Amino acid sequence: MQTVYPRLVELLARFGVPETEITLDSTFEDLDLDSLTLVEFTLCAEQEFGVKIEDDTLNRQDTLKRAAEVIEIQGAAV
Amino acid sequence: MSKVLLDPPAMSTAAVLSGLGSWVPPGVVTNDDLAQRLDTSDDWIRRRTGIRQRHICDPGVATSDLAVEAGQRALKSASASRADAVVIATTTPDRPCPATAPEVASRLGMSGVAAFDVASVCSGFVYGLAVSGSLISARVVDSVLLIGAETYSTILDPTDRATAAVFGDGAGAVLLRAGQPGELGAIGEFDLGSDGTGTELIMIPGGGSRQRSMPGQQPGDSGQYFTMQGSAVFRHATQRMTESAQALLKRIGWEAHDVDRFVAHQANRRIIDAVACRLGVPEDHLIVNLDRVGNTAAASIPLALADAAADGSLRPGQRVLITAFGGGLTWGSTALLWPDVTPC
């Protein structure tokens, strides 16, 4: 969590989400990521962390905390 | 025991792209037109897809009608009057049976030639190129008219904004002739693949033996509309086209920076950009026309090639990388040095 979350925040910046708006409890919906943007974000996260995130693992109602946990469970390259 | 060879090949033969034609029906549906009847807007469609408008057939116009138009233009482009075979790549044949290609061949004045359809959905043109090129390189025939033709307007659910906003009608065709490997326009290596575990991501559920085999089902029952699971398709399209293009580049010894023009299946601008970014192909090397024609499935790549050749953004000698992804799931990539061809 301590290493994955800050990098997720950096990734979200590429999608135009200001760091100041992001907390661990923010959902993708809160951050105005539509469904296609969430797919793009997931693909970027896979590349960034060297993990495989299956279809429907993350949805717009999931928080950044949950996303970080999913990536950690997958064995993120940190 | 003597060995008899009938007409042994003196040297290897390659299929060479020698003609290029395209046709879209005159009717245009803009995003604003769609917004009149669906819960959508020009801004929503543009942001999610990059599409501004699509061409739609008038009532009574079928896939073969578009295919004949594009096929005639490809023949004219090559100053040819006929081919030894006609191959149609389509998701929307005139009828479930028979194939559309024989009728198109006859209407083009080529009754008697080999003619068949390729059903690989949006990958159909690349699969068709591989099959057509192989017919030539195996010396079964000396020329093939390959046409990608679609009338998606006939299979779209008019109430489904996700598909109605994306797809359009159109046809693109190439004439392939026998030539030498290495010459401009020679069709070379391919990377082709499929993953049937994703069958249900892109499909028309009804109308086939799966539905009709169910007790109580009759031909004509529900499920005749095209369906697509957008987010999952977005993901698979991005990954599969990237991986396929990378495999092809490795096989032919090109680096991403060698690619002068990148022609990806015109599915969605965001998918094209994501694939190009992953490959490392700069944005100004992309060929994009889906803003004007939408996603025309098996017709998308030849339509994009024809538009780009016509406006001068595709020039002889350029290294062209082509990749596609479609229902099946299927995907494929190929590359060629662009020939000196004038599209019609």
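Predicted model: local features only at pLDDT ≥ 70, side-chain atom pairs only at ≥ 80, totals over all residues.

Tutor: Residues are numbered from 1 along each chain as its sequence is written, chains are lettered from A and ligands numbered from 1 in the order in which they are written, and side-chain values use heavy atoms, with hydrogens and water left out.

Student: How big is the area buried between chain B and chain A?

Tutor: Start with who touches whom: 12 residues of chain B are in contact with 15 residues of chain A, contact being heavy atoms within 4.5 Å. Buried area is the accessible area (1.4 Å probe) that two parts lose on being put together, summed over both. Carbon and sulfur atoms give 44% of it here, and the total is about 1,200 Å².

Student: How many salt bridges are there between chain B and chain A?

Tutor: We count a salt bridge when a side-chain nitrogen of Lys or Arg is within 4 Å of a carboxyl oxygen of Asp or Glu. Glu40(A) and Arg270(B) make one, with N to O at 3.0 Å. Between the two chains the count is 4.

Student: Which element gives the largest share of the side of chain B that touches chain A?

Tutor: Helices (H or I, at least four residues) and strands (E, at least two) are DSSP runs, numbered from the N terminus. Two helices of chain B give two or more residues to that side, H8 (230–252) and H9 (269–279). The largest share, 8 residues, comes from H8(B).

Student: How many residues on that side of chain B are charged?

Tutor: Ala, Val, Leu, Ile, Met, Phe, Trp, Tyr, Cys and Pro count as nonpolar, Asp, Glu, Lys and Arg as charged, and the others, Gly among them, as polar. On the side of chain B that touches chain A, that gives 2 nonpolar and 6 polar residues, and the charged ones number 4.

Student: Which strands are the edges of the 4-strand sheet in chain B?

Tutor: Two strands pair if DSSP finds at least two bridges between them. The open sheet runs E8-E13-E12-E11 with mixed pairing. An edge strand pairs on one side only, and here the edges are E8 (190–194) and E11 (261–264).

Student: At what angle does H8(B) run to E12(B)?

Tutor: Axes are lines fitted to C-alpha atoms, for helices over the stretch in contact, and angles run from 0 to 180 degrees between N-to-C directions. H8(B) packs on this sheet, touching E8, E11, E12 and E13 of chain B. Its direction makes an angle with that of E12(B) of about 145 degrees.

Student: What is the bridge partner of Val263(B) in E12(B)?

Tutor: E11(B) and E12(B), residues 319–326, pair in the parallel sense over 4 bridges. Val263(B) has as its partner in E12(B) the residue Ile322(B).

Student: In the 5-strand sheet of chain B, do E1(B) and E7(B) pair in the parallel or antiparallel sense?

Tutor: That open sheet has the order E1-E7-E6-E4-E5, with E1 (14–23) and E5 (114–118) as its edge strands. Leu20(B) stands opposite Val174(B) in E7(B). Over 9 bridges, the sense of E1(B) and E7(B) is antiparallel.

Student: Which helix of chain B lies across E1, E4, E5, E6 and E7?

Tutor: H3(B), residues 63–77, packs on the sheet and touches E1, E4, E6 and E7 of chain B. The helix lying across E1, E4, E5, E6 and E7 covers residues 124–137 and runs at about 165 degrees to E6(B): H5(B).

Student: Which residue forms a salt bridge with Asp42(B)?

Tutor: Both partners lie in H2(B), residues 42–49, 4 residues apart, about one turn of the helix. The closest N and O atoms are 3.0 Å apart, and the partner is Arg46(B).

Student: Where does Leu329(B) lie?

Tutor: A cis peptide bond joins Gly328(B) and Leu329(B), with omega about -10 degrees. Another cis bond joins Cys97(B) and Pro98(B), with omega about 0 degrees. As for Leu329(B), its place is the loop between E12 and E13 of chain B.
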